[in-house]
Amino acid sequence: MFSPAFYQAAPVIAVCASLGAVPLIAASRRHPNLREFWTFAAAALKFSMVLLLAGWVLAGNVVEVTLIQVLPQLGIRFKVDAFGIVFALVSSFLWIVAAAYTIGYMRSLSEHAQTRFFICFALALCAAIGVAFSGNLLTLYLFYEMLSLSTYPLVAHHQDKEGRGGARKYLTFLLGGSVGLVLPAMIVLFTLVGNLTFADNIHTGIIPPGTGDTLVFCLFFACLFGFAKNGVMPMHAWLPGAMVAPTPVSALLHAVAVVKVGVFCTTRVMLYVFGTDLMDALNLGVLTAYIVSFTIVTASIIAMTRDNLKARLAYSTISQLSYIILGVALLTPAAVQGGIIHIVNHAFAKITLFFCAGAVYVVTRKKNISEMGGLGRVMPFTFGAFALASLTMIGAPPVGGFITKWYLLKGALDAGQLAIILVLVASTMLNIVYFAPVTFQAFFGRAPDETTGPTEIREAPLIMVVPIVAAALLSLLTGIFPGVMMQFVRMVIP
Amino acid sequence: MMDHAPVLMIVLPVFASLALTLIGPLGHRAAYGLLILSIAGSLAAAMATLVQVVQAGRAVQYRMGDWMPPMGIELVIDHLSAGVLVMISGCALLTAIYSMHTARQDNPDRLNHYYALFALLVAGLMGMTATGDVFNLYVLLEISALSSYGLLARGKGKAYYATFRYLMMGTIGASFYLLGVGYLYIMTGSLNMADLSEILKQPELGESVNVRIGFTLIILGVWIKMALFPLHAWMPNAYSRAGTTTACLIAPLMTKVSVYVMLRIMFTVFSADYVFQQIAWSRLVIYVASAAAVLGMITALSQRDLRKMLTYIIVAEIGYLTGGAWLANTAGYTGAVYHILADGLMTLCLFMAVGAIIYRTGVSTSAAMEGIFQRMPVTAGVFLIAGASVVGIPPFCGFFSKWYLLQGAVQAGEWVFVASLVIAGLVAATLFFRLLEKAFFGRLDDAVLETGSKTSHTAARTIRWNEAPLTMLLPLVLTGAALLGLGIYTNEVVRYLIRWSVPAGM
Amino acid sequence: MDDLFYFIISKYNYWAAIILLFIGLYGMIVRNNLMKKIIGMVIFQTAILLFFVSIGVKRGATVPILKFSPDKQPLLDAAAYANPLPHVLILTAIVVGVAVLGVALALLQKIQRVHGTIEEDEILEDMRK
């Protein structure tokens with residue numbers, strides 16, 4: 001449709017759209033509607049660029065752009081391929097949805113420092129798309145760090161004692177992992193390989209043959225645990241702590257952008273730096289699968305014990321992220337496809353769940369599940385969406401989560417890993433145990449005795465309900481029409 | 001004019017310093033203006049020389065008084081010195097602009113004398129970098145040292161004793177250097193660097209004990225001036241008790257120029273071959289440098305006074321530089337040279353930001369950082385950029401120097417140095433993170449009392465916006481931008497400048 | 001044994017320099033009184049100057065500005081002149097030393113005025129308050 005030159009510029013535009021919006025947002029701090037307009041405009045521009053690139057990539061093209069040559073052998077390099085497009089589509093679309101929700105949330109609560117919030121939001125999205133389109137490990141690292149730093153003011157937004165503690169844990173784990181583990185690993189890789197560009201397929205990787213096994217193991221686990229945003233235990237402790245952030249932050253960033261960036265980086269490195277052949281030869285795949293299985297199960301168990309809704313959702317996220325890594329680690333085509341498609345399914349479902357939690361807070365100021373009895377009857381849309389999204393977590397049809405479970409199980413069967421199948425079954429059970437009661441209580445439970453009866457509570461404001469329902473419907477659509485996203489996933493691994 | 005650029009960059013500040021002692025009656029604005037003019041001229045000459053060197057692809061040589069070397073003294077400006085010269089004059093100019101309020105505050109009565117010493121220090125540093133004669137270097141070393149003693153002594157009451165200690169240590173260092181030069185002179189009969197390197201190539205001199213002693217004494221003297229751990233004890237007190245402007249001028253520059261001198265002696269006078277084959281203590285030096293990096297950062301972590309914390313960060317950075325230089329490979333050397341430029345800028349930025357904060361709040365401990373984001377957002381933002389650069393976060397220049405240093409260390413198999421770089425980076429992250437927290441959150445107790453409940457989100461904290469004055473803010477922002485610019489243009493700097501200066505045989 | 005003896009005796013200038021060097025270092029580091037430290041510093045620098053000058057000694061050589069020897073013979077050979085370079089270097093170094101001494105003494109005066117003493121331990125006590 002457009003010339004190839006346009007597609008060369010498109011990734012840069014997509015990444016920098018929100019960067020350009022930052023000064024505009026800052027300048028319009030006294031005109032909230034104008035400020036919000038800039039956020040939407042940037043989001044729309046981003047999404048349209050990504051959409052166009054998606055069409056181009058679907059036709060079988062890969063876009064590679066070197067932006068700046070910062071070192072003699074390395075530059076800031078973008079590569080748009082199917083894998084990156086999957087993630088970019090999800091985050092850029094959900095940004096639009098989240099922007100609407102955020103505006104509603106912030107205005108309903110009359111939050112302070114909204115300009116700073118939206119500036120950091122824009123920077124965070126720039127970094128997320130930057131990660132999606134990274135063409136080499138240096139660029140990935142750059143945008144990963146940018147994301148950590150730009151989300152700190154968001155996590156610490158409330159500027160109270162809890163915020164400080166949560167934000168402290170946040171940066172400690174993220175920076176500790178990246179500066180302490182990923183940076184040396186990156187340098188060693190550079191010394192070994194001579195450049196850091198990702199391979200163009202998932203099988204060969206870029207590690208030269210003849211590299212010592214111990215070294216490969218060290219590098220691999222440095223990357224696995226160093227990209228602490230992926231929530232693999234024991235580097236997960238920042239996630240529950242980061243829930244002190246306002247709910248839109250939790251929703252978009254910690255359900256979609258930040259954690260997905262972590263998982264994306266991990267899987268990108270696993271597939272395009274190490275490659276399936278090497279992982280297979282050294283049995284790294286199976287080893288990783290077992291390590292993350294531990295996270296899956298443990299996080300689910302902890303989730304069961306939490307009464308605070310956001311905390312429960314946080315541990316659920318930790319568990320679900322490891323599904324993605326599990327899928328990729330199993331190395332069979334079905335499993336890898338399942339893992340990658342879960343990036344999409346989980347994003348839509350989790351954002352819905354967090355949006356619901358936020359809506360409940362805005363309307364009722366309640367945070368704990370035990371207090372939410374009977375609310376479903378008064379907030380039917382909110383809890384209806386919640387119910388639908390929970391199905392994804394559980395993995396039941398007709399939502400997208402079912403597709404994921406199907407592929408993961410098939411993949412585990414292909415790999416002959418019966419233990420993993422057991423893990424998947426067990427975690428499904430656990431998911432039911434801690435998600436179903438919430439919906440059940442909301443619709444059929446008894447309201448706790450309060451001075452303000454539930455009749456005074458209405459449904460959440462429209463500007464919040466619309467995104468909630470939209471996100472929930474998307475979860476449904478990805479379940480009914482999985483082919484739309486699966487065509488990209490099939491380009492990654494046939 | 002262009003032909004004389006090499007000497008102009010040294011001579012302009014000297015003449016300015018002379019003039020500055022005389023123009024007292026004309027008031028402080030005249031002194032300020034004269035200082036800025038002279039250093040700007042010096043910077044222009046340095047940049048002109050840099051362009052000349054890059055275009056010609058070889059060193060620019062200037063004969064003082066048109067006497068032929070090796071009898072006459074010559075100035076030799078090659079790719080290494082050209083970059084450092086621009087950095088020195090650039091940093092000095094930024095500090096001079098910055099000094100308008102703080103220098104007047106510290107020296108209400110004799111501002112012109114203070115500026116005279118300032119100009120003399122700049123002249124000394126430029127001369128040290130540009131000269132091609134080892135004894136001339138000693139003279140200029142002492143000129144800079146003397147001016148720095150004078151400048152540092154203009155701090156608060158406790159500055160006198162700290163400066164005295166610095167004077168003792170500095171004299172020992174310079175005297176060792178002189179003694180080393182004496183040994184070399186005995187063995188070779190020459191004082192010109194190029195000539196010395198020719199003569200020292202002879203095999204019997206390569207084995208000679210005297211030459212080895214000469215080398216050792218020179219390096220030891222330079223290490224004392226450089227504040228390499230464990231010879232660093234004089235630095236924290238001397239720099240932290242100085243006035244704000246003095247700290248901004250001296251802290252980034254003096255130790256870096258001493259590192260430059262070390263590189264010159266190691267690789268131009270002697271050769272890479274000699275240093276790494278004959279001397280063969282490089283592993284020991286790298287261990288010392290690793291210790292410097294880690295211990296420097298850890299000590300910085302424990303400091304409450306902001307400026308003392310920054311001087312310990314300098315100790316750690318000197319560790320990085322020394323380790324990089326002694327790694328014996330191209331990547332390490334590139335990292336060391338790039339880090340001279342990067343660290344000069346980072347240190348300047350940090351000291352300027354801290355100076356602005358101390359100027360506005362009057363407090364010099366880390367308590368001054370509380371709530372600084374609301375009060376002085378620009379200063380706090382630039383401070384954070386400099387902090388991110390120290391930690392090594394891309395795309396700032398600190399990341400790229402870490403990159404090269406780590407690469408060099410991995411290639412050389414020096415895992416101790418790798419570990420120390422990583423640990424120092426993490427400790428620096430903790431350090432700056434703590435300050436970031438203080439800056440962002442301010443005093444939490446006040447907030448709770450003000451609003452009455454922790455969940456009120458409409459906490460309208462009315463902290464006045466009290467940013468630093470423009471003459472302080474402008475250089476600060478420029479330096480912060482330079483950190484980003486140097487990072488993005490790393491490739492150009494390495495390709496056009498540093499790569500040409502890598503010594504043979506690496 | 002004889003060789004060792006001659007070795008020590010013939011290089012007496014170096015020995016003198018080394019001994020002075022160590023006396024100076026001792027004064028600078030061990031002594032408590034700041035004035036003694038300064039004296040140590042001066043001795044230290046003098047030792048180095050002595051070392052430098054002593055290497056320029058040449059038997060039977062004369063000042064390099066004379067055209068004729070004492071018995072009216074023209075001097076054309078460079079070997080008849082003493083090497084002026086070490087002397088020049090030392091003159092410079094002496095000037096530098098004097099300047100440093102001046103600054104040190106000025107600082108000492110200021111320290112006296114501020115702390116009331118020039119004993120190091122008492123100054124440290126005073127600073128701790």
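Predicted model: local features only at pLDDT ≥ 70, side-chain atom pairs only at ≥ 80, totals over all residues.
**Chain B, what it is made of**

I started with chain B and looked up its helices and strands: it has 22 helices and two strands.

**Chain B, overall form**

Next I wanted its dimensions. Along its principal axes, the C-alpha trace of chain B spans about 80 × 60 × 45 Å. Then I asked myself: what radius of gyration would a compact globule of 506 residues have? The answer is near 23 Å, and chain B has 23 Å, so the two agree.

I also checked burial. Of the 506 residues in chain B, 63% are buried. For contacts, I took the pairs in chain B at least 6 apart in sequence, and 79% of those join residues at least 24 apart.

**Where A touches B**

Moving on to the neighbours, I looked at chain A against chain B. Here 30 residues of chain A are in contact with 32 residues of chain B. Which helices of chain A supply at least two residues each to that side? I found helix 5 (137-155) and helix 6 (161-193) of chain A. Helix 6 of chain A gives the most, with 14 residues. I sorted the chain A side by class too: 16 residues are nonpolar, eight are polar and six are charged.

**Where B touches C**

Then I turned to chain B against chain C. This contact takes 22 residues from chain B and 24 residues from chain C. On the chain B side, the elements giving two or more residues are helix 5 (134-152) and helix 6 (159-188) of chain B. Which of these has the largest share? Helix 6 of chain B does, with 13 residues. By class, I wrote down 14 nonpolar, six polar and two charged residues for the chain B side.

**How confident is the predictor?**

Last, I looked up the confidence scores. For the model I noted ipTM 0.91 and pTM 0.87. In chain C the mean pLDDT is 86, and 100% of its residues reach 70 or more.

How values were computed:
Residues numbered from 1 in each chain as written. Chains lettered and ligands numbered in written order. Contact = placed C-beta atoms within 7 Å. Helix = DSSP H or I, 4+ residues; strand = E, 2+ residues; numbered from the N terminus. Nonpolar A, V, L, I, M, F, W, Y, C, P; charged D, E, K, R; others polar. pLDDT = per-residue confidence, 0-100. Rg over C-alpha atoms; globule rule 2.2 N^0.38 Å. Buried ≥ 20, exposed ≤ 12 C-beta atoms within 10 Å, placed from the backbone.
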